[in-house]
Amino acid sequence: METGKVVVERVGGKSAAIHCYSKYPLKFIIPNKVGPSQIDAVWIYTITYGGGIVSGDAIKCDISVGDGCTTVLTTQASTKVYKSVESKCSEQVLEILLEQGRYSSIAERMQDYQVIAMVILLGPKLKFIQDQIQENVKNLMSQQLRIPSGSSGRYGDIDDNPFFTRPSFLASCSVFGPKGRGVVVRIAAMTTESVYSFLQCQLSGLDSLLGVAPYR
């Protein structure tokens, strides 16, 4: 059952929240002004009563963003998830509808890329995997994104450069958390097979921790 919904549309040439509804345990805060007045963006802050997601909470948010609108969905701080009590599970579902009109759709913006993936590696036991995957991604991307010398300076846009071939697989790594104990790997690829092959290779070292390697 829906616990919150926000609809953002163009009103008077600017983005505006034309509908906002929420009920316990969810609340929305939409400030009238964030940043300079010429900025056209609706900021939506989500708040949960109790200081986080507690045992038994079921939250379902629907966010609809119209053509030409800019919306920021965020929280005031990191969301705490508390331990379950008496096996009561918690659930949070977020559904976002991006209107498609004269602006390019997500499919058009994705171009030939068919797969989006994100892998989160967190904890001291995964340090060797984190170091390995960061080094491998760095080497892989430096090879795939290299443009032949002497050609890069003549083209203002990389898409106009005839010497550049769009890679079928893209990956990046970001460190997060206290003392950089976590690594996020983001992947965009043209085929699911290439993603499975990448994950199978990069996560093969987990068999010593899990008893079997993922994606085997």
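Predicted model: local features only at pLDDT ≥ 70, side-chain atom pairs only at ≥ 80, totals over all residues.
View 1. Residues are numbered from 1 along each chain as its sequence is written, and side-chain values use heavy atoms, leaving out hydrogens and water. The chain holds four helices and 12 strands (DSSP runs of H or I with at least four residues, and of E with at least two, numbered from the N terminus). Of its 216 residues, 27% are buried (under 20% relative accessible area, 1.4 Å probe, protein chains only).

**View 2. An open sheet of three strands.** Here the order is β3-β4-β7, with mixed pairing (two strands pair if DSSP finds at least two bridges between them). At the edges lie β3 (26–29) and β7 (71–75), each pairing on one side only. Strand β4 (residues 42–48) and β7 run parallel, joined by five bridges; look for W43, whose bridge partner in β7 is V72.

**View 3. The largest nonpolar core.** Among the 20 residues of this core, L121, F169, V185, I187, V195, F198 and L199 touch the most other members (a core is a set of buried Ala, Val, Leu, Ile, Met, Phe, Trp, Tyr and Cys residues joined through side-chain atoms within 4.5 Å). Elements giving two or more residues include β10 (115–122) and α2 (127–144).

**View 4. A second core.** This separate set of 12 residues includes V6, L26, F28 and C69.

Terms used. Buried < 20%, exposed > 50% of the residue type's maximum accessible area, 1.4 Å probe, protein only.
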